[in-house]
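Please read the following briefing on the spaces inside a protein with the structure open beside you.

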Amino acid sequence: MEPKIFLIYSFLIFGYIQAEDDVNNKAFPDDFLFGTATASYQVEGAWNEDGKGENIWDRLTHTRSSLISDGSTGDVACDSYHKYKEDVALVKELGSQHYRFSLSWSRILPNGTADVVNLAGVTYYRNLIKELKDNNIEPLVTLYHWDLPQVFQDQGGWPDEFIVDKFADYARVCFELFGSDVKYWLTFNEPKQTCLGGYADGSKAPALQNPGVAEYKCTHNVLKSHAKAWHIYDQEFRATQNGKVSITIDTSWYEPDSNSAQDEEATERKRMFEFGWYIHPIFIGDYPEVMKTRIAARSTAEGLSESRLPTFTSEEVAYIRGTHDFLGLNTYSTSMVKAIDDLPIGQTSFYNDVSVNEYQRSDWETAASGWLKIVPWGMRKLLNWISKTFNDPPILITENGVSDYGDVDDTVRVNYYRDYLSNVRSAMEDGANVIGYTAWSLMDNFEWYAGYTEKFGLYKVDFNSPNRTRTPKTSAAYYKKVIQTRCLVDSCV
Ligand code: GBH
């Protein structure tokens, strides 16, 4: 093929130019799951009600409010602790088949440890789950969406190994209390954000900064915690409860800046650091080779006697490998990657260990969140790459969505869902085993360091009203129609 023709051809195939008539018009299969999601700290409020213990986001928003763009907190948030029936009615109204939410560890175990169980907290989640089941909505439950009991942070948090047993105890309590009504569990939401954000760059609670060291220790313990919880479920609960347990890992798609061997290699390395760091130990075994060799070499050059990347024993590798029943994937955006010379030895960090130039193109449409560039074709490429690289796992997209400033007439969000879902459908035609899709988020909520300044909801929440009134946006109507017709356009084939 002529290079020029090939270029035009591949543009068409990969959808660089995606006008409305390029939207995939194949119906989604009947058994494909459509749902929506929230997370405990972002929606519940009731931060100190009914015996709930303090967690690291309570502490951070109360003592370091300058870190939050509008100085706000999740003290009340969407008040879902009191309004869960309304929330379930919204989920129902959309026709969602599942609702993904997370449990607040310190609401269930106020001291973090399993010796004291807070009955009011347990009742809240029992009621929520019952309300969902009564409405034929499948609960998809995340055990940990970033809200560590503060008492455990005071003892060192995720970088300290004691946390593994604490998490395992907590997981067992949750399987015991709620497992008879839950078929889908996720141990961790986006552990990369917990570890890099919480302990290396300070962009998430507890906002500590020990880059190049603490994120690796944190991840080591998160992976052990995940595996332990999975084994507990497998040995003690699977036979009677018959559910599935996995983890949600987040990544952008990384596209090489050119097809030069250097850019291709740098890009694959970036994917392995960003995504392989978590999926490789669980789906293949141990950290990716490229992480082990690079971090070891850089550590030696720094004069350290051992690698900053901790080592798993062969027993641990075997214990972690295979601890999945599907793959949970959160993805929002795409970045370009260009090869550069390795960054100099000195300052340690995850990013220096990867040593690439990552950027986003200026002609990509941007959401309210600066990091979120709207690049629908990245979704298709990501799903295909995961399928090829990690032995074709069943993929449940557990988050995907876009932010704006909260207008109910949210055309940007309608187009985002249409175009990203179109690429999901195309990836399925390419052969990716995608079993479901979860829109982030059911409603506007506390967006971490962005407070209430960036909105992701299908429903608007009026944060000025004590009722926290919920109003459907245009995107809610669109998503409802998609779920009903299983089709992204007016009529499907
Ligand atoms: C998800 O994280 C969370 O699970 C969810 O709680 C959250 O509300 C939702 O997305 C929307 O943000 O250094 O400025 O480039 C998304 C994870 C957030 C990871 C932004 C990368 C880059 C920030 N991503 N982050 S920046």
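The largest cavity holds about 70 Å³ of space, where a cavity is a set of points on a 1 Å grid over the protein atoms alone at which a 1.4 Å probe fits but cannot get out, and a volume is the space filled by probe spheres set on the points. The model is predicted, so that local features need pLDDT of at least 70 and side-chain atom pairs count only at pLDDT 80 or more, while totals for chains, interfaces and linings use all residues. Residues are numbered from 1 along each chain as its sequence is written, and side-chain values use heavy atoms, with hydrogens and water left out.

**Cavities**
- By this rule there are four cavities of 30 Å³ or more.
- The largest cavity is lined by 13 residues, of which Val 43, Tyr 99, Phe 101, Tyr 124 and Leu 128 are the closest to its centre; a lining residue has an atom within 4 Å of a point.
- By class, this lining has seven nonpolar, four polar and two charged residues, with Gly counted among the polar ones and Tyr among the nonpolar ones.

**Ligand**
- Around the ligand there are 14 residues, and Gln 42, His 145, Glu 190, Glu 399 and Glu 447 come nearest, a residue being near if one of its heavy atoms lies within 4 Å.
- Oxygen atoms of the ligand lie 2.8 Å from a polar side-chain atom of Gln 42, 2.9 Å from a side-chain N or O atom of His 145 and 3.2 Å from a polar side-chain atom of Trp 440, where a polar contact is a pair of N or O atoms within 3.5 Å.

Definitions and conventions. Polar contact = N/O pair within 3.5 Å; in protein donor to acceptor, adjacent residues only side chain to side chain. 1 Å grid on protein atoms, 1.4 Å probe; cavity = no way out; pocket = protein on both sides within 12 Å on 5 of 7 lines; lining within 4 Å.
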